[in-house]
Amino acid sequence: MAQGVAQLVIDPVVESLDLNALIARVDVNQVVDRVDMNAVLDRVDLNGVLDRVDMNGVLDRVDLNPVLDRVDLNPVLDHLDMNKLLANVDINELLGRIDIETLVKDTDIGELLASSSRTVASEAVDLGRSHAVSMDDTLARWVSRLRRRRNAPTVPTDSPTAQEQS
Amino acid sequence: MTAPVEAGRPVPRLGATPPPALASAPQQRRGDYAGFASRFIAFGFDCVLSIGLFELVLAASSYAASVLTGTAIHWSKGDQWVIPAFFIWEFLYFAHFWATSGRTPGMIILGIRVVGQDGNRVGTRRGLVRTLAFPLSLLLLGLGFLGILFRPDRRALHDVIAGTAVVYAWDAREAGLRSLARESSSRRR
């Protein structure tokens, strides 16, 4: 009976209320401040929510370029400990995934390898040239010493003989 | 001193002899005047190669003449025409390489090249004049070569006559880097 009375009273009251005007008078920020968001979030099953989200669909709708334009990566990189990061990387596994044949075919690495084998062949030539150049320099040193000795005055300029001559 | 540029290609800079203190250090030598030892060894190599080739041609022509005439012919250095043929051959050998690229095979091995005194390519005229003037340096009891030792630009008599110079076309620093690369690659292996 009480339920019947309540229904009789509540329905006309609700109908007569201007809900928009009521909400306009509510300070939402104050309400939000009173809400314990952590308690709310504790009750939410985020995994369940995320399972139901089509992330690909979301990402398709996001234009990442303007987002990335606004990101200053330098401070991010400053915070990165590259050594720690690289310590977690299995280089062998990474290298195992590389198609070496394609790499050599598509890049200048093949040319580089070929030129390095050419340089192996030229090792003797380089050595011979180095010796020849050092012999050149030795000869040049001898000659310059010889010329200095020849050009050196036989009588010192400040000697009495030189003063008499002048 | 700015290096002269010939047809968009860097031409060796003609520089002075480096100070002796720097001589042993690996350094950029390209464009410096080449010294006596490098030039002498290159010339020795060219002599061996050109004489060897001449002997080979002589033997081949002896064989061809024997086949054609049916009698055994053996041309040796004592034959009257072989000596002038030898000098013509030597002239052609040096003139060809100096006039076309400025480098004989011996010079390629020793990493030196003939350039004009202005640093440009030798060219046909200067190449030919140099080849013709070269015997002069020899005929003067080798005195023509003393310029390589005593002149600051290390030019011999035939260089002065032809307006040429010999410079290093090889970079000791590059060779040093190549050697380092080889060492590190062999260590990795």
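Angles under 35 degrees count as roughly parallel, over 145 as roughly antiparallel, 65 to 115 as roughly perpendicular, and the rest as oblique. In this predicted model, helix α13 (residues 123-151) of chain A meets helix α2 (residues 36-69) of chain B at about 130°, with the axes 6 Å apart. The two helices, α13(A) and α2(B), are therefore oblique to each other. Here, axes are lines fitted to C-alpha atoms, for helices over the stretch in contact, and angles run from 0 to 180 degrees between N-to-C directions. Helices are DSSP runs (H or I, at least four residues), numbered from the N terminus.

On the α13(A) side, the touching residues (contact means heavy atoms within 4.5 Å) are Ala132(A), Val133(A), Met135(A), Asp136(A) and Leu139(A), and α2(B) answers with Phe36(B), Ala37(B), Ser38(B) and Ile41(B). By class, that makes seven nonpolar, one polar and one charged; Ala, Val, Leu, Ile, Met, Phe, Trp, Tyr, Cys and Pro count as nonpolar, Asp, Glu, Lys and Arg as charged, and the others, Gly among them, as polar.

Now for the whole interface. Chain B puts in 21 residues and chain A 19. About 1,800 Å² is buried between the two chains, 60% of it from carbon and sulfur atoms; buried area is the accessible area (1.4 Å probe) that two parts lose on being put together, summed over both. Nine residue pairs are in polar contact between chain B and chain A, counting pairs with both residues at pLDDT 80 or more. A polar contact is a pair of N or O atoms within 3.5 Å; within protein, one must be able to donate a hydrogen and the other to accept it, and residues adjacent in sequence count only if both atoms are side-chain atoms. On the side of chain B that touches chain A, α2(B) gives the largest share, four residues.

Residues are numbered from 1 along each chain as its sequence is written, while chains are lettered from A and ligands numbered from 1 in the order in which they are written. Local features need pLDDT of at least 70, side-chain atom pairs count only at pLDDT 80 or more, totals for chains, interfaces and linings use all residues, and side-chain values use heavy atoms, with hydrogens and water left out.
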